[in-house]
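Please read this report with the sequence and the structure open beside you, and look up each place in turn.

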Amino acid sequence: METLIRSLWHLPRDLVSDGYDQAILALADQVPMAINEYPTGTECFTWFIPEKWTCHDARLVTLDGETVFSYSDNPLHVTSYSLPFSGTVDRDTLFAHLHSRADLPNAIPFSFKYYSRDWGLCCSHSVKETLTDDEYQVVIDTTFEPGTLKVGEVVVEGESEECYVFCAHLCHPAQTNDDMVGVALGVDVFRQILAGPKPYYTYRLVILPETVGSAAWLSHNQHLVPQMKGGLFLEMLGTEYPHALQRSNTPTSQLDMLCELIVKEADEDAWSADFMNIVLNDERMFNSPGINVPMLSLSRVQKREGTQPYKEYHTSLDTPESVHWENLNKSKELVLSIIDSIEKNFIPVPLFKGELFCSRYESIDYASMFEIMNAVVYKMDGKRSIADIAKEARLSFRDVLDFVTILQKEKLVKLKPPVEN
Amino acid sequence: METLIRSLWHLPRDLVSDGYDQAILALADQVPMAINEYPTGTECFTWFIPEKWTCHDARLVTLDGETVFSYSDNPLHVTSYSLPFSGTVDRDTLFAHLHSRADLPNAIPFSFKYYSRDWGLCCSHSVKETLTDDEYQVVIDTTFEPGTLKVGEVVVEGESEECYVFCAHLCHPAQTNDDMVGVALGVDVFRQILAGPKPYYTYRLVILPETVGSAAWLSHNQHLVPQMKGGLFLEMLGTEYPHALQRSNTPTSQLDMLCELIVKEADEDAWSADFMNIVLNDERMFNSPGINVPMLSLSRVQKREGTQPYKEYHTSLDTPESVHWENLNKSKELVLSIIDSIEKNFIPVPLFKGELFCSRYESIDYASMFEIMNAVVYKMDGKRSIADIAKEARLSFRDVLDFVTILQKEKLVKLKPPVEN
Amino acid sequence: METLIRSLWHLPRDLVSDGYDQAILALADQVPMAINEYPTGTECFTWFIPEKWTCHDARLVTLDGETVFSYSDNPLHVTSYSLPFSGTVDRDTLFAHLHSRADLPNAIPFSFKYYSRDWGLCCSHSVKETLTDDEYQVVIDTTFEPGTLKVGEVVVEGESEECYVFCAHLCHPAQTNDDMVGVALGVDVFRQILAGPKPYYTYRLVILPETVGSAAWLSHNQHLVPQMKGGLFLEMLGTEYPHALQRSNTPTSQLDMLCELIVKEADEDAWSADFMNIVLNDERMFNSPGINVPMLSLSRVQKREGTQPYKEYHTSLDTPESVHWENLNKSKELVLSIIDSIEKNFIPVPLFKGELFCSRYESIDYASMFEIMNAVVYKMDGKRSIADIAKEARLSFRDVLDFVTILQKEKLVKLKPPVEN
């Protein structure tokens, strides 16, 4: 993941832009990926696709002709989707359009004006504080033109058409934990499951510009919605923090239960919270009225009240230098482990009646399996999944799975896929 | 309300009596009211209509011919439905039939013997304590004869036949908070909604003698019961206390939820309790087996254990002088506000899919409506009513209603009436 | 019960054995009992019937020819289902096959090797500590041969085929509280209900060797399983401890609710716990997958962590001398009282509408029955049983039953049997 992230993070990946296209094409080299294109103006639920935006030049210049900062140094120096503007402005006018962060004086903030448009520049607060002249020259040379929003889609066909969707957004220019890392992790995970045996479920990875990208893809794939049993949004997985699992808007879903079990087993510092209580990303579109796919979100962020999810969030400090690569790798293993549990979370249907006569079955050891057997056997009612049983019995998913696997080998249960309520 | 109460409170409004009839006819002058008549002896569920009772005279007289107290001074001096009796009795015999309240020495208590009959007189405890003679003369000239129990019914026809019932009893002689005030408040509220636009639901106000009146009206209107979605009993709303909301026997009803929301919003000192834990009135008949209309009760009483709901309760002290008129007016506003919320508590059914693209809708301001939008939109599943959403999201009914109204104006939702389980 | 227990407790009642047969035949003299026979090798769910086992002789002898202990002194001196073995063994070999209990130095432990077989002897720890010779002579003369496992079945035919099953196991050699007492109590209770009027439900008492006996009987009576509404396993009811009620695997069953109510009313020190958290006996087979009969267990054991249910458990100390006969008699009364409540736990269906006009019904006294009437009447929805109402209203089963009986006498309710979910 590190190489991929380092090669793409710095691109000016605005919603519909050459920088975004360059990134998605580079990703398509890494894994078999369909690129769905939605032209400017296409209606997508209540949304429409914006124009392609290009920034040719953006600078703040003193009347003496000295460049204070320039887009060529960092694409964050201009507000994403800024209107073009050129002219001399007094300092008050400039400051009304110049974004900085007093709390992070050396960071250029990420600002965007996708729909209610204006012109805007960004710089670090320490630079802003040097701006003492009465007037400055502003150069913002941007163009808006028809283009196509692009959604990359990786599909791992399973035996069933029922599918799980993984999602990450690619659209924040020159930023890394938000969410170049989610994209890279998703690509890596899907490369790995594509290489393995054919799974039971179908898996989809969608890489898109935030929100409008989900609206575009979902509105054009509504026939797939009934097949989507759940989803997981991936973001900010290279920070210093423990895992944070945000439940879906249907917290009783099998995937909600599974993720809660698996995440807690993998990371004892992990925490979880209800829908919309940790992050706000594309999982909102998937959980929304008329779609109602239970998509959770997995990230690494601090528990907080009103503060940023992590220090470098939405600033020029969010670079590969701030990524904890080991954490990112652990998160990848966790996502693989979630997929593994999805594949194995079946309903064990007993093929026997009565208390088990253990002495008859070679692989069942009465003494050592006494506890797990009692906890599992009397909950196997042909309706409870392995995750249901693990949750009710306060056991790990793995322990219940292992015992059910033994029962299956002894032909004492058959497995059937769970059905969502 | 005050004029009406002051003109009728003092009447000897016994169950079936001239005093009651005089009162109900006076009310029928205030608002279009049908008067349903049920003759003595009519079977009403397990009940039957008692005789009309008239007290022509009731007095305690010393052997010297001096009148100690008389019905002509206050109708409470005789037990309601007392048998006639005339004769000289020793003091012990007298005291076995003479009701007083040691805890309220200056109050004449309200006593009644509707069914297990006897003769009885009432006086203040301080008067009783002056009765030191060995013998007294009792004069109780009462008659029992066929009559008709009368139930006043005000109907506001709505677009739907589904209806809500408001109820108050008129039958306690010469008392005010119990429940002349509930009657007057009901009449005033119904006059107001009759004057306004045609409501969606039909509303019925029934004014009746306690319990047997409800049995009479309900047993003769059983075809209406399936249309009754809920009800509210009104009583003791002019005391000094905060509102007390007693839930129905079906506390999951839409009306239970609505009243709990609206009452708490209107009166921060309001308290609530389960069915039969605050008062016992006609709401029992409505909530009973075979009827099962979720009728709540709204009153102003103190939280108490075994004591009276308010100091003057069931005594001659319960006069207009003890009424807090401002409280009564506030309660009227509260009842109007409950009716308003009943009218507006619909189910918002989304006409859109996906997360909303706020920038597209003039009346939705993303920044200021962010919290309410997130709280409401993801709960609109076509099953939850506005009250359901407000309760689950711990928001006020008003806030949710306002946002749903905006969505409706933007043609993003349609509204349908809730269905009781 | 005492006579029966004293006459049978000492028999070598191994699973399939002459001693067991002798006991079951003696029981069949006490009460009309069918004896179901299942030959060795019969498949019963995942189980099969073991051989009949006979111990002709078992002794530990010194090389000097002195008998240390002998099966003829106590049948516990040999492991139940021990393989035959004769020969001289060194002390280490002997000790690997000699069972004792260091924590109870004067008790011979009960050991068994029904399926994973070996030879084995048992003695008290104090005797074991005297074994200082280098070698000993072991004589175990046992034979395995085809036989029949026997299940005694007492049936009390009721008006309905729906039935309740009571169960106790007869198979522990020379032990009393585990579970000769449960057997004797069951026989006594059934003798009593056979003598009485025909009950509404059918009752079955099954007396069997533990676990494999249940598998045998249930697998050959699967047509009865849908009629079994619940069951109760009886064991260890003569100890010094209060009652311990173990819920079934379907803790919402009517019988679970009933037993919890009745046991708590009868024994204020009684405690209860979930399925498999107090004892492990045949109730496991009844509650298992594919059978799913809610069988509870009633015993008298101490709350404990990892220790024995009572001091003499599974040792030669578990004799009639350790039985608290008064406790056993109280438990019998409790079981009769449970059966009485099963018979009476019907659903009261109101035949009236509205609040009751108590003055009309001779047997309803408004004043004294006010509380119970309010608690019961408004919960009679034609779905709740008497036990449901008692549980919800936090009243005793008896109080609710008594009031419902009054309503029934007054023809205000009819009763219908509850239906399990």
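## A buried valine in a loop

With a relative accessibility of 5%, C:Val279 counts as buried, because the word buried is kept for residues under 20% relative accessible area. This is a predicted model, and the values that follow should be read with that in mind. C:Val279 has its place in the loop between β15 (271-273) and α8 (283-286) of chain C. Its C-alpha atom is separated by 9.0 Å from that of C:Val301, although the two residues are 22 residues apart along the chain.

## Chain A as a whole

Chain A has 421 residues, and 61% of them count as buried. Its secondary structure comes to twelve helices and 18 strands, and its C-alpha trace spans about 95 × 40 × 35 Å along the principal axes.

## How the chains are related

In general, two copies of a chain are related by a rotation about an axis and a shift along it. Here, chain B is superposed on chain A by a rotation of 120 degrees with 0.1 Å of shift along the axis, and the RMSD is 0.1 Å. That is the relation of a three-fold axis. For chain B and chain C, too, a rotation of 120 degrees with 0.1 Å of shift along its axis gives the superposition, with an RMSD of 0.1 Å.

A:Met276 belongs to the loop between β15 (271-273) and α8 (283-286) of chain A. B:Tyr81 is found in the loop between β5 (67-70) and β6 (85-90) of chain B, and, with a relative accessible area of 0%, B:Tyr81 is buried.

## Salt bridges

Side chains of opposite charge can pair when their charged atoms come close. Over all chains, the structure holds 63 salt bridges. One of them is formed by C:Glu153 and C:Arg204, whose closest N and O atoms are 3.2 Å apart. Since C:Glu153 lies in strand β10 (residues 148-156) and C:Arg204 in strand β12 (residues 202-208) of chain C, the pair ties together parts that are 51 residues apart in sequence. Both C:Glu153 and C:Arg204 are buried.

Another salt bridge joins C:Glu162 to C:Lys229, with the closest N and O atoms 3.5 Å apart. This pair links distant parts of the chain, for C:Glu162 is in the loop between β10 and β11 of chain C, while C:Lys229 is in strand β13 (residues 228-234), 67 residues apart.

C:Glu392 is partly exposed, with a relative accessible area of 44%, and C:Arg384 counts as partly exposed at 24% relative accessibility. In chain A, a network of salt bridges links A:Arg247, A:Glu260, A:Lys264 and A:Asp274.

## A negative patch on the surface

Which residues of chain A gather in a patch of negative charge on the surface? They are A:Asp64, A:Glu66, A:Asp90, A:Asp92, A:Asp133, A:Asp134 and A:Glu135. One of these residues, A:Glu66, has its place in the loop between β4 (52-62) and β5 (67-70) of chain A. With 54% relative accessibility, A:Glu66 counts as exposed, because exposed residues are those over 50%.

How values were computed
Residues are numbered from 1 along each chain as its sequence is written. Chains are lettered from A and ligands numbered from 1 in the order in which they are written. This is a predicted model: local features need pLDDT of at least 70, side-chain atom pairs count only at pLDDT 80 or more; totals for chains, interfaces and linings use all residues. Side-chain values use heavy atoms; hydrogens and water are left out. Patches are made of residues with over 30% relative accessible area and no salt bridge: like charges are joined within 9 Å, nonpolar side chains (Val, Leu, Ile, Met, Phe, Trp, Tyr) within 5 Å. Accessible areas come from the Shrake-Rupley method with a 1.4 Å probe; for residues, only the protein chains shown count as cover. A salt bridge is a side-chain nitrogen of Lys or Arg within 4 Å of a carboxyl oxygen of Asp or Glu. Lys and Arg count as positive and Asp and Glu as negative; His and the chain ends are not counted. The place of a charge is taken as NZ of Lys, CZ of Arg, CG of Asp or CD of Glu. Helices (H or I, at least four residues) and strands (E, at least two) are DSSP runs, numbered from the N terminus. Buried means under 20% relative accessible area, exposed over 50%, partly exposed in between (1.4 Å probe, protein chains only). Copies are superposed by least squares on the C-alpha atoms of residues with pLDDT of at least 70 in both.
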